[in-house]
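Open the model in your viewer and keep a selection tool at hand. The tour below goes from the whole chain to single residues.

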Amino acid sequence: MPGKVVYAMKILVTGSNGFIGKNLIAQLENRGFSEIYKFDKQTDKGLLASYTQDCEFVFHLAGVNRPREEQEFMEGNFGFTSELLDLLKSNRNPCPVLLASSIQAELDNPYGKSKKAGEDLLFAYGRETGAKVLVYRLANVFGKWCRPNYNSVIATFCYNIARGLPIEVHDPNVVLRLAYVDDVVEEFIRALNGNETRNGDFCTVPTVYTVSLREIADLIHSFKRSREDLSVPDLSVPFVKKLYSTYLSYLPPDAFAYDLKMNIDARGSFTEFIRTVDRGQVSVNISKPGITKGNHWHHTRNEKFLVVSGKGVIRFRKVDSDEVIEYYVSGDKLQAVDIPPGYIHNLENLGDTDMVTIMWANEPFDPNNPDTFYLEV
């Protein structure tokens, strides 16, 4: 396996311990960037002068969005930006600067005004110095590592619902513009490589979702229920896939595991793992030595068997035939076996240990319409 490529480029990330900063730095390190100057509000201010001497790209993510006093908006979002740019100028370092601004910059509120002031300052800096500047007006960003019960409704909903705590939805029809943190990070890395996505003077994250609070709350509640009904969200929908990943990241550390209902008898056990309407059902079957299970057939229902431990034989007989077909299976050689409709089938454990079989069916079992007819192979 080839070694990991290491890049010597020196990158400064302000707001390095924030939500986007942590995700960005983790992915930069995954990509082989080893010289990352991390600057956060807890970092010694003196280091910023040193970092701005030789950094080759700046991700300016630091900002204030929930201050104790209103004037802190301007101090954090304009004042610190001014300090950063002054240091770059004094060090004669015209490296590119990427600013994480906000769609709030379009609005006439204290936070929006402070973000707009930071944008204007950076644009002026670019004109004065010739440095490349990239301003991203980010939508509401969601994903792992975002602080709940702070300024992200998705982080708060995920955290509270995962713990059985109430959520507040004042107006379920409110529509949010949302960007997933991994999409933001990928765009930022494209910008680092000179391939930013531009929209006039501003840069943009290409993938943004427009979703109502009601939809968000309903989806997250369904994620919690999925442990009870064994469902899996429709992950072919990109927003659902990303929201589900986000929800799982907020599970309490002592609640990753959950029990399944095992149907146990003298022959072994049968346990449903996943049930979906459109992608079928997955179950785990355990057969004791010498035990035969099955001896039935289906009109439309079909299955796949995968023996992962032990050894046995799957027998088939077409309903209108006396010919018996045998497939010998073993955990030593993983082989999926299709169970076609119209074939009586059974599964016998030929070993002296339990045989474990993963079973997929094209539809969840419906006791009111089982499509299962018992006959001996």
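## The whole chain

Show everything as a cartoon: the protein has 8 helices and 21 strands (DSSP runs numbered from the N terminus, helices being H or I of at least four residues and strands E of at least two). The radius of gyration, taken over C-alpha atoms, is 29 Å, well over the 21 Å that the globule rule gives for 377 residues, so the protein is more spread out than a compact globule. That rule is 2.2 Å times the number of residues to the power 0.38. Along the principal axes, the C-alpha trace spans about 90 × 55 × 40 Å. Of the 377 residues, 42% count as buried (under 20% relative accessible area; exposed is over 50% and partly exposed in between, with a 1.4 Å probe and protein chains only).

This is a predicted model, in which local features need pLDDT of at least 70 and side-chain atom pairs pLDDT 80 or more, while totals for chains, interfaces and linings use all residues. Residues are numbered from 1 along each chain as its sequence is written, and side-chain values use heavy atoms, without hydrogens and water.

## Stop one: strand β4

Select residues 97-102, which form β4; 6 of its 6 residues are buried. Val-97, Leu-99 and Ser-101 lie on one side, Leu-98, Ala-100 and Ser-102 on the other.

Strand β3 (residues 57-60) runs parallel to β4 and is joined to it by 3 bridges (two strands pair if DSSP finds at least two). In this pairing, His-60 stands opposite Leu-99. Strand β5 (residues 133-138) is also parallel to β4, with 6 bridges, and there Leu-138 is the bridge partner of Ser-102.

## Stop two: an open sheet

Next select β6, β7 and β10, which in that order make an open sheet of 3 strands with mixed pairing. Its edge strands, β6 (140-142) and β10 (209-212), each pair on one side only. Strand β7 (residues 175-180) runs antiparallel to β10, and 4 bridges join them. Look for Arg-177 opposite Thr-210 of β10.

## Stop three: a surface patch

Finally, switch to a surface view and select Tyr-258, Leu-260 and Phe-273, which make a nonpolar patch of about 250 Å². Which loop holds Tyr-258? Tyr-258 lies between α8 (238-249) and β11 (262-265). Its relative accessible area is 36%, so Tyr-258 is partly exposed.

Terms used:
Patch = residues over 30% accessible without salt bridge, like charges linked within 9 Å, V, L, I, M, F, W, Y side chains within 5 Å. Areas by Shrake-Rupley, 256 points an atom, 1.4 Å probe, with all protein chains shown as cover. Salt bridge = Lys/Arg side-chain N within 4 Å of Asp/Glu carboxyl O.
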